[in-house]
Amino acid sequence: MENIKLSNHFLLSEFCNWKKYPQNVPTIQQISNMIYGCRQLLEPAREAIGCPIIINSGFRNADVNRRVGGVKNSQHLQGQAADIRPKDPTKFQRLVSFLKACEYTDQLLTGSGWLHISWRPLGIPRHDVRIGYYK
């Protein structure tokens with residue numbers, strides 16, 4: 001499962017962090033949700049900013065979510081969110097601008113050099129954007 005491609009540039013292993021959390025295994029529906037996020041948001045964002053995007057945290061099962069202090073209703077639990085950063089830090093603002101304008105963005109919360117992005121494959125995106133949310 002290490003090299004399963006969700007899209008052209010994103011692997012399932014990047015979302016699951018199996019080196020640290022080997023028990024963090026998603027269901028088929030959660031994988032489908034990650035594929036949607038990659039194709040609708042992350043791949044277009046990567047193309048728009050012209051550099052790779054690093055996934056700091058993607059899918060989390062309940063145990064991993066608890067360990068990292070995630071909220072109980074986190075979209076990470078459903079494979080509908082990722083905490084990301086551009087490989088080139090100078091592209092951060094461009095990444096934020098792209099995702100802020102993207103019609104598929106459900107939630108965008110920014111921190112210092114990284115951001116949380118979520119999507120809703122079966123619902124209407126909220127376009128909840130909070131710049132500087134994570135201090």
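## The largest pocket

On a 1 Å grid laid over the protein atoms alone, a pocket is an open set of points where a 1.4 Å probe fits, with protein on both sides within 12 Å along at least five of seven lines, and its lining residues have an atom within 4 Å of a point. Grid points are joined across faces, edges and corners, and the volume is the space filled by probe spheres set on those points. In this predicted model, the largest pocket holds about 510 Å³ of space. Its lining is made up of 30 residues, and those closest to its centre are Arg60, Gly70, Ser74, His76 and His116.

Helices (DSSP runs of H or I, at least four residues) and strands (runs of E, at least two) are numbered from the N terminus. The elements H1, E1 and strand E3 (107–110) each supply at least two residues of the lining of the largest pocket, and H1 gives the largest share, three residues. Sorted by class, the lining has eleven nonpolar, 13 polar and six charged residues, where Ala, Val, Leu, Ile, Met, Phe, Trp, Tyr, Cys and Pro count as nonpolar, Asp, Glu, Lys and Arg as charged, and the others, Gly among them, as polar.

## Basis of the model

Residues are numbered from 1 along each chain as its sequence is written. Because this is a predicted model, local features need pLDDT of at least 70 and side-chain atom pairs count only at pLDDT 80 or more, whereas totals for chains, interfaces and linings use all residues, and side-chain values use heavy atoms, with hydrogens and water left out.

## Helix H2

After H2 comes Gly50, whose phi is positive, near 75 degrees.

Several residues of H2 are buried, including Ile31, Met34, Cys38, Leu41 and Ile49; buried means under 20% relative accessible area, exposed over 50%, and partly exposed in between, with a 1.4 Å probe and protein chains only. The buried residues of H2 pack against helix H1 (12–16), strand E1 (53–57), strand E2 (81–86), helix H4 (92–101) and strand E4 (115–118).

Arg39, in helix H2, counts as exposed because its relative accessibility is 54%. Leaving aside neighbours within four places in sequence, Arg39 is in contact (heavy atoms within 4.5 Å) with Leu6, Ser7 and Pro44. Arg39 and Ser7 are 32 residues apart in sequence, yet their C-alpha atoms are 6.4 Å apart.

His9 lies in the segment before H1 and, at 41% relative accessibility, counts as partly exposed. The C-alpha atoms of His9 and Arg39, 30 residues apart along the chain, are separated by 9.8 Å. With neighbours within four places again set aside, His9 is in contact with Glu14, Glu43 and Arg46.

Asn17, in the loop between H1 and H2, has a positive phi near 50 degrees although the residue is not a glycine, and at 32% relative accessibility Asn17 counts as partly exposed. His127, in the loop between E4 and strand E5 (128–130), is likewise not a glycine and has a positive phi of about 55 degrees; its relative accessibility of 40% makes His127 partly exposed.
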